Each structure stands twice: as structure tokens, then as C-alpha cells.
Amino acid sequence: MSGSSTYGGYRRVTFQMERRQSPMSFAEGEALPPLDIDLAPLKTARTEAQPGPHDPALSDHANKIRELSQELAGQPQLLALHGLLIAHLRRRAQPAHCAALFLRLWREEADFLLENLDARWLVSAVTTFADHGATEVQRRLGHGLTVLFSTMKLYETERLHSGTEPWQPFPELNRRPRKLALEMDRYSIHGGGLDANMLGRLWEEARQDALIWPLAQHLLVRLDRDDRNVFRRLQQMRRASGRDPVREARSYIRMNDPEPDEMVVSTSRVKKQTDPEQLRWGLVTTARAPLAQIARFAAYHLDLGAAQMDLYLDTPDEDAARFLARDPRLRVVQCDAAYWQGMAEPRPEDHRARQQRNAQASYLASDLHFLGHIDVDEYLMPPLPVAELLAHLPPRCAALQFHAAELLAGSESAFKLTPQDVGHDRRALAAAYPQFGEHLKGGFISHTIGKCLARTGLPGVQVGIHRLRRDGQVVRNTAVVMGGYLGHAHARSFEDFLQRLDFRMTRGSYRKREDDFGLHDVFRIIRAEEGEAGLRRFFDACCADSPGLRARLERYGMLFTHPLELDAKCRRIFGQLPEELPA
């Protein structure tokens, strides 16, 4: 270790820092806008550029306004005011109401600022919270994020001189066996948790304060999705070498912790398969849908690795059965009168009861290791091959749950997630769905629970619509997939939504639930007051694929992209699409 100082001592460091913090001067008649200024006109009025370089004859305040006008020319004046307040708040002293006005902007216009400010200004804003936040959480989180982003700026700038692109990880062979500064051990890329701990603590801290939360989470989401930083490069290096399949699989699995009085099913007598190459999983569904939809659903999951699929045709169809029989992994059952006469009980009137009856029959007869019960408009979207997740599931787990993601209508790849699945609370709903968010459970018009893949051979269990049950209780010794979902194409278009509305209102997913005010009530009121036009307004705002909805979901990390490629997979499995059959 060298004995010389990098900066010539900390007295010199603090001198350099303080020299840049002297208060900004005002000329006679100049002042910041008052605390109660009307912000609304500043969102539509545009900033006009004031030409000319820095003028020593002008006050610091006037020169800063000129500088901001040139940078933000043509943009809303509210952004210029925001920048001016930050400039004053970086100094040792400023007008008494400066901090209060800055906080008022974020309290009243957070959505507008997040939509219009670039990332550099957002980082400047969170840095300002460090010194001028109204609460301890705001100041503490502001300091934490300031250190994170400032350190990133330093080392990422130095890295530009390495000859390696910001998105390229360093090769393993270039690593030198050296101690770090202050005799620190190097970070363990494959086993360490420093990166996750840093980001996770900041994320959890942000959730404690409603004012700084939108700004902080927005920046952390953008950091997570940017490929030009050390966090992304470390993840790439983990995947490139020294892969530990068990560790990787379990990093995507969150084990539930059952309460003492909750249902737990023993898995001790079930033979476990821990080799992904040998593990066999499959699905069961009761389908009342056109062959085109059933074939694409089946092909998607066979392509994903399903060893067997039991397809119960709720509406018997010989042509569909012949087409599906092209692949031996599909077992097609025609649910005709003869089928139900052979059952111990008559055909249930309720479609959900028929689904559960068929699923239970498949479960009891299955020789697979895992069986899932899903619908023909649902698609497993795992973060790793399904067999890898299931082979490395903790032995005490009875089932693996996939939470739902809802397909945006008109898209084949864009899904929305619930706020809870990406670490938010309900506050994100109002931001993502400004008109109807308070009435949407998780932002969906379909279920948010998802579906599970259950170990077969468990004693006394019942395969439910969404979860595994025993004696009417949900089995709690289960796990949840993290970063993978059950994609649900609940409504592919407004016409599809409208066509199914009456059924779903009376017997389906929109039916009235006890005394809760839910989707049933929302649709009933909209229909009564606005008719079909009102329903379309709701659908366009909450369900249809649009740049505006995508942007709002993206801002909160609630947009998940997974191309289904249904036509390509159907051709790959069956050789052609059902529509291409000769008449």
C-alpha cells in the first residue's frame, strides 16, 4: 500500500467540495416562484431558449435560468423549474421555501416528472432528497441511492478506458488473483449476494415512504433493465461459467412457510426424480374451444417439454381428436354421454366442477412425476426449463405455483404483471391504470393466483382449479416460481371480451363474490350508465395493447415480454395449422 495521499488529504477534499457549494446570487427583483405557484400552466407552457454563453454580469440565478432554458428548450416549464430548484438546493443556502417547493413538485406531479424527465435529472432529484427530504426515510434512501449512482458513474467512466463495451462482461481468464483496496476479499461472483443485498435493501426502503417511492422504484427498475452496468455483467458472468444447476433453479423458487394450523401434505413416500433428463411432467385440461386454439395450446407445451397432456374435449369433436392424435404424447378424451355414464356420478352442470372431476381422474391415473391443471388459454412461461425447476424443487414441496400474467389484448408477447409480483403495493395500480386501478385486483380482469404443477402420488389430495387441496384446505407446503409466470390470454380482443361477458358475469370469473365490490359491480355499472361504449373505454384503458399502457407498466416493472410463437410451434409439432387442413 502506497503511503501518499490520493487527494492531498481530506482538508483539500472538503475545500474542493465546499467551493462548489456557495449560495447562488440573485439580482434585485429576482426570486424563486412562491410556494403556492399554480403548477398546472407550467405543464403545458414551453421553455424558450435564452441564447448566449454564461454572462458574469448576470446573477448566478439568472445564468442558471439561461443554462436550463438552452438545455430544456421546447420542454414543459415545470421541468425547468424542477432543475432550477435542484441547482439552488445543491448549495449551502437557498430561499427558505426552496426545499418545500421541490417536495411539492414530487408530491403533486410525480407521474408527470417521471414521464418527462430523463434519467440524469431523475438521479439529480433523488440526490436532492438526500439533503432535503422531509422524512428520515427520504433522506436515508436519498443518500443510499446517491452513493450507488455516484459510485457507478465513477467506475463505469473508468471502464470506458478498458477497451470493452459497457454491456460486455470481462472474460474469466483475465481475472487477477489480487486483494482489493483496504485488504477486502474479492466478491464471489457465483455464490455472493452483495449485489442483491444492496439493491434489495434500497427497494424495501423505498416502499416505506409514499413521496420518494415512485422516483426511487422508477430508477431501480430502470437500472435492473439496463444492460450497461456491473449488475447485468455479473449476472452474465455467473451464467457463462461455473453453472450450478441446483443453485440456479432454486434461485427462482420461493418456498412458502406454512403456519402451524395450515394444511401440510407429507411427500416422504413419493419417489423424487432429481435428474431433469429423467423427470416427466405433464398437463391436464378440459377444453371447450375451437381446434385451432387447442392445437396451439398443446403444441406450445409439448415444445416446452411436456411428456404427456390429457385433453378432455368438453364438446366432443371427432375431427379435433383425429388432428391431435398425430402426436402420441396427447391423450384425447371425448366427454360425450358415454363418457359421463361411465363415471361414478352424473355430468356436473357447472363447468368448473367438470374441470376438477377430469383433472382428478388424470391425477389418480398419472405415471408422471408432476401434473398441472391449466386451461387452453394459459401458457407456462418458466425462467428455466420446467424439468430443471421441478427436479430441484425442495423435497418437502408438494407443488410449484406459477403466478398469473395477463396477455395484453392484441399482442402475442406482452403481458402485464401484478404489483405484488414485482415488489410493489397497491399504489402502483393507480399509476398504471389511472381511471380504474382501485377496482382491479392486481390490475387484471382475470385471476391473479395462477396455477400449479403438483407432485403425483400424494395421498388424499384434490386437484383444484388453481391450487392443490386436501380436505377442502389449500396445501401450503408449496413453492412459487420467481421470474416465471402462467401467461393468460383471457381476452384477445374487445369482441372476444364482449362475447364472453354475460357468461362470465353469471357463471364465470366476473360473477358476484359475496358482498365485495369487484369487477361484477364495475361492469354492471358501466354497462348501465354508458353501454358498450363504456365497456370499450374500460377495455382500452386496462386491457388493450397500447403504447401508453405499455409505458406505464414498463415504468413500474410490470411489463413482461415472452413471445408465444404459437403458429410456429403448432407447425413444428403437427406439421401444419388446423386451418390448413383440406375442407
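**Strand pairing and helix packing in the predicted model**

Strand S12, which spans residues 468-470, pairs with S13 in the antiparallel sense over two bridges. The model described here is a predicted one. Within this pairing, Arg469 stands opposite Val474 in S13. The two strands belong to an open sheet of three strands, arranged in the order S11-S12-S13 with antiparallel pairing. Strand S11 (461-463) and strand S13 (473-474) stand at the edges of this sheet, and each has a single partner strand, so one side of each is left without a neighbour in the sheet.

A further open sheet is built from five strands in the order S6-S15-S8-S9-S16, and its pairing is mixed. Strand S8 (residues 404-407) and strand S9 (residues 414-416) pair in the antiparallel sense, over two bridges. The bridge partner of Glu406 is Lys416, a residue of S9.

The packing of helices is considered next, with attention to helix H8 and its contacts with H7, H9 and H10. Two packed helices are described by the angle between their axes and the distance between the axes. Helix H7 (residues 119-132) and H8 have axes that come within 7 Å and cross at roughly 135 degrees. This angle makes H7 oblique to H8, and the crossing of the two helices is left-handed. On the side of H7, the contact is made by Val123, Val126, Thr127, Phe129, Ala130 and Asp131, while H8 contributes Gln138, Arg139, Gly142, His143, Leu145, Thr146 and Phe149. By class, the residues of the contact of H7 with H8 divide into six nonpolar, five polar and two charged.

Helix H8 (residues 136-159) also packs with helix H9 (residues 194-206), at an angle of about 150 degrees and with the axes 10 Å apart. H8 and H9 are therefore roughly antiparallel to each other, and H8 passes H9 in a left-handed crossing. In this contact, Val137, Arg140, Leu141, Gly144, Leu145 and Leu148 of H8 meet Met198, Leu199, Leu202, Glu205 and Ala206 of H9. The residues of the contact of H8 with H9 comprise eight nonpolar, one polar and two charged.

With helix H10 (residues 213-225), the axis of H8 comes within 12 Å, and the two axes cross at roughly 30 degrees. That makes H8 roughly parallel to H10, and H8 passes H10 in a left-handed crossing. Leu141, Leu145, Leu148, Phe149 and Met152 of H8 make the contact together with Ala216, Leu219, Leu220 and Leu223 of H10. This contact of H8 with H10 has nine nonpolar, no polar and no charged residues. Leu145 of H8 takes part in the contact with H7, in the contact with H9 and in the contact with H10.

Aromatic pairs were also examined, and the structure holds 16 of them. In one of these, the rings of Phe323 and Phe574 have their centres 4.9 Å apart and their planes at 45 degrees, so the pair is tilted. The pair links distant parts of the chain, since Phe323 lies in helix H14 (residues 318-324) and Phe574 in helix H22 (residues 566-574), 251 residues apart.

Terms used. Residues numbered from 1 in each chain as written. Predicted model: local features only at pLDDT ≥ 70, side-chain atom pairs only at ≥ 80, totals over all residues. Heavy atoms only, no water. Axes fitted to C-alpha atoms, helices over the stretch in contact; angles between N-to-C directions. Helix = DSSP H or I, 4+ residues; strand = E, 2+ residues; numbered from the N terminus. Parallel < 35°, antiparallel > 145°, perpendicular 65-115°, else oblique. Left-handed = near helix turned anticlockwise from the far one by under 90°. Contact = heavy atoms within 4.5 Å. Nonpolar A, V, L, I, M, F, W, Y, C, P; charged D, E, K, R; others polar. Pairing = 2+ DSSP bridges. Phe/Tyr/Trp six-rings, centres within 6.5 Å; stacked < 30°, edge-to-face > 60°.
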